[in-house]
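Subject: Structure handover

Hi there,

Here is the structure I promised to pass on. Please have a look at it, and then read on for my notes.

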Amino acid sequence: MIARVVVDVPVAAVDRPFDYTVPPALHPLVRVGTRVLVPFGPRQVTGVVVDVDEGPGEPDGVGKRLKSLSAVLDPEPPLTEELVALGEWMAETYLCPRSAAYQAMLPTALKARAEKRLRLRGEPPPLLAPSAEEAAFVEALRRRGDLSFDEAVKRFPGAAGLVRRWVEDGILDVFYTAVDRAGAKTVTRVVPAVDPEVLRQARDALNPRAVRQRAVLDALLASPHPPTLADLLAATGAPRSAVTTLAERGLLRLVKTEVYRDPYAAASFAPSPPPPLTAEQEAAVGRIAEALASGQPHTLLVHGVTGSGKTEVYLQAIARTLESGRQAIVLVPEIALTPQVVERFKGRFGARVAVLHSRLSVGERYDEWRKIRRGEVDVAVGARSAVFAPFTRLGLLVIDEEHETSYKQEEHPKYHARAVAQWRAEHHGAVLVLGSATPSLESYAASRSGRIERIVLTQRPGGGRLPAVTVVDMREELRAGNRSMFSRALRAAIERRLAAGEQVVLFLNRRGYATFVLCRACGYVAQCPHCDLALTYHLANQTLRCHTCGHAEPEPQRCPSCGSPHVRYFGVGTQRVEEALARTFPGIRVIRMDVDTTRAKGAHEALLGRFRRGEADVLLGTQMIAKGLDFPNVTLVGVITADTLLRLPDFRAAERTFQLLTQVAGRAGRGGRPGEVIVQTYAPDHYSIQLAQRHDYVAFAERELAVRRKGEYPPFSRLILLTLVGRDVRVVHRAAGEVAARLRRAVGDAAQVLGPSPSPVLRVNDSYRFQCMLKYKNESLVKPAVKAVLAEVERALLAQGVGMSVDVDPYVLW
């Protein structure tokens, strides 16, 4: 048998399957999608089996015998044959190594590393005058059977010479194993080894002084199920020796059993029967059901205003999917995957739901993934990577807030979950539902051209109305003498809500206290020593921090440049707004939600729970509060500054501003009372802000599409962004020029090659960055040419100390 393996070496030169013979003992375990450990050059690496040839598997056709697989890492393949094929497609589409695509599909727990280990080959020869460390090393080997090479070097550095000699003499065997980051969790249960009557007789025959053993047997007889060893010892106060003594007498057995780490074990989810639907919702569910019944792939865009009940449409569509014996994946942006969202799906479908997101531990995510792989659940709800949930009977894929940029991965492989979901829908004959109040212009344009179908929801259930939006020109506030960060309109509106006992959401997409620190004497601005960025001041720990590389330094008392004490803090972050609220509205209760306050596990859920229970008047936060939240008592939303995204060097800046303002505004007026939104801006005449004020998505989309068409930007073209990175700015610049020249020769007139040019932030973490961008329409002409250039320059770039990342259809350009 021959296994064709893609090795986990993400280099273009080895981005192909390699043939290995399979030892007869491993034949039953080797299938497509299995992880294996293989010899590759002088080392052992992990890989994925992508094909199996049942033939004899002798030579490889050029006179050399094939190497053999070293080990199989999984009893069952973690990747289905469909996912293996998907990896091939991702490699071609995103110009990434196949191994990177397969690694993206695996849970973190299974991202294994090869570990070098040592073991004795029989009894070692006696040592003459061994050192203490050599003697300890040999004793450790005898006692444990084998040791990792790293542990041997660290614990017994004085035995390094002995290790080398014994390996050369064949006394020590060097072998490799693959080590996963987490495994299945097991608990020890105490199980009766005899029937209850024999157990009672044994208890009665115990020595009167064996009080703890008697307590163990009493507890075991009273328990309807075998208890865990830990629970039994805690309940009886018995030592472990009491249990082991009874086990040695043959009265009970200690059995290891596998258990899931359930992140929601302590939560109770009340069943939530489906509510009556509006006519628009009923029509949307009906259309999705028709598409499901056809057995053919369909893509449907559910374009519904905020609060129009899109989630209920998803839930009832999922119910139809499950009734047909098929499975469903629901993607939700990470920041919107709140306990409230989980509760809705768990309340409707109970234990049939697995949840995958980054706030779970590695072990918890692994166990949720295993439930999917084993077919124990039928619905997966999660963030971007949940699109790879290994279901085999997919009928429905839902991408909520499909416009969200977080669906595009910014690390390799730089895939977009929407494109992956479309591929999987095609493969399974499934339905893909894209939902948003502000669809991406790519999806809206596709619906206009008829490539996908658009379903519109214009009404909020229960007759709720969209909130009134007031735009405040902060330039006029300054002219009127108001230097506060709160306009007069926003201040008055907050006061009214406080008096009425209603709640407020305040949004500012910038954390920290001040965005830069300036010396008023000499003009010095505190910069990150590793990046071309100003440091942000954080009041809580009085530090200056770089939000890109993580550098931190103490707050300066004097200017580092001129020594002046006149150091001031400029710009506004969430910490500064929190301080201003306390000063302006004495006694106000504020919950701040940003990266700094939600680092701890469970913090996100705890803060939202406090706000839901009415323990705060104001929820202040960054974009993590803009989506997925539904608080009936929130009647006012204030946007501290709407200009943060508008000034970015990005052709999507206007689209992102419109989307964010619309989504934030949608948090208001979700209960029975009308909502109000106040947007503060220094650009009140910009069309993205004016049209967000009117809740007019179509007018915005048509205007923005006209701008894109004129500049030939997506959706009227495709982009590939190449970023070259290195420590020496001149070397990187020269390399970027060479890559751009090769690209121009390779693509000819099929694409426009822009650059090279410095990235908008030239230096990040002591590395300099230059960019080349390709703008094209014919993928079949451009992609192969670009792939060939990447293969040509890879070795030369590595020799110069220059790295290169490739981003197809990029979402971040700076």
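Let's start with a question: on the other side of α17, which residues are exposed? They are Arg488 and Ala499, where exposed means over 50% relative accessible area, buried under 20% and partly exposed in between, with a 1.4 Å probe and protein chains only.

Before going further, please keep in mind that this is a predicted model, in which local features need pLDDT of at least 70 and side-chain atom pairs count only at pLDDT 80 or more, while totals for chains, interfaces and linings use all residues. Residues are numbered from 1 along each chain as its sequence is written, and side-chain values use heavy atoms, with hydrogens and water left out.

Helix α17 spans residues 488–500. (Helices are DSSP runs of H or I with at least four residues, strands are runs of E with at least two, and both are numbered from the N terminus.) Its 13 residues reach 19 Å from the first C-alpha to the last, close to the 18 Å expected at 1.5 Å a residue; the expected span is 1.5 Å times one less than the number of residues. Leu490, Ala493, Ile494 and Arg497 are buried in α17. These four cover an arc of only 100 degrees around the axis, which puts them on the same side of the helix; the arc is taken from the directions from the helix axis to the C-beta atoms. The buried residues of α17 pack against β19, α18, β27 and β28, with contact meaning heavy atoms within 4.5 Å. Just after the helix, Gly501 takes a positive phi of about 75 degrees.

Several of those strands belong to an open sheet of six, in the order β18-β28-β27-β19-β26-β25, with parallel pairing. Two strands pair if DSSP finds at least two bridges between them. The edge strands, each pairing on one side only, are β18 (468–473) and β25 (590–593). β25 pairs with β26 over four bridges, and Arg592 stands opposite Leu620 in β26. Helix α17 lies across β18, β19, β27 and β28, running at about 150 degrees to β28. Helix α18 lies across β19, β25 and β26, at about 155 degrees to β26. (Axes are lines fitted to C-alpha atoms, for helices over the stretch in contact, and angles run from 0 to 180 degrees between N-to-C directions.)

**Strand β3**

Val36 is placed in strand β3, residues 35–40. Val36 is buried, at a relative accessible area of 0%, and its contacts include Val5, Val45, Leu69 and Leu73.

**Salt bridges**

The structure holds 61 salt bridges, each being a side-chain nitrogen of Lys or Arg within 4 Å of a carboxyl oxygen of Asp or Glu. One of them joins Arg35 and Asp74 at 2.8 Å, N to O. Arg35 lies in strand β3 and Asp74 in the loop between β5 and α1, so the pair ties together parts that are 39 residues apart in sequence. Arg35 is buried at 4% relative accessibility, and Asp74 is buried at 8%.

Another salt bridge links Glu579 and Arg583 at 3.7 Å, N to O. These two are four residues apart in helix α18 and are separated by about one helical turn. Glu579 is partly exposed at 32%, whereas Arg583 is exposed at 58%.

Happy reading!

Definitions and conventions
Lists of a residue's contacts leave out its neighbours within four places in sequence.
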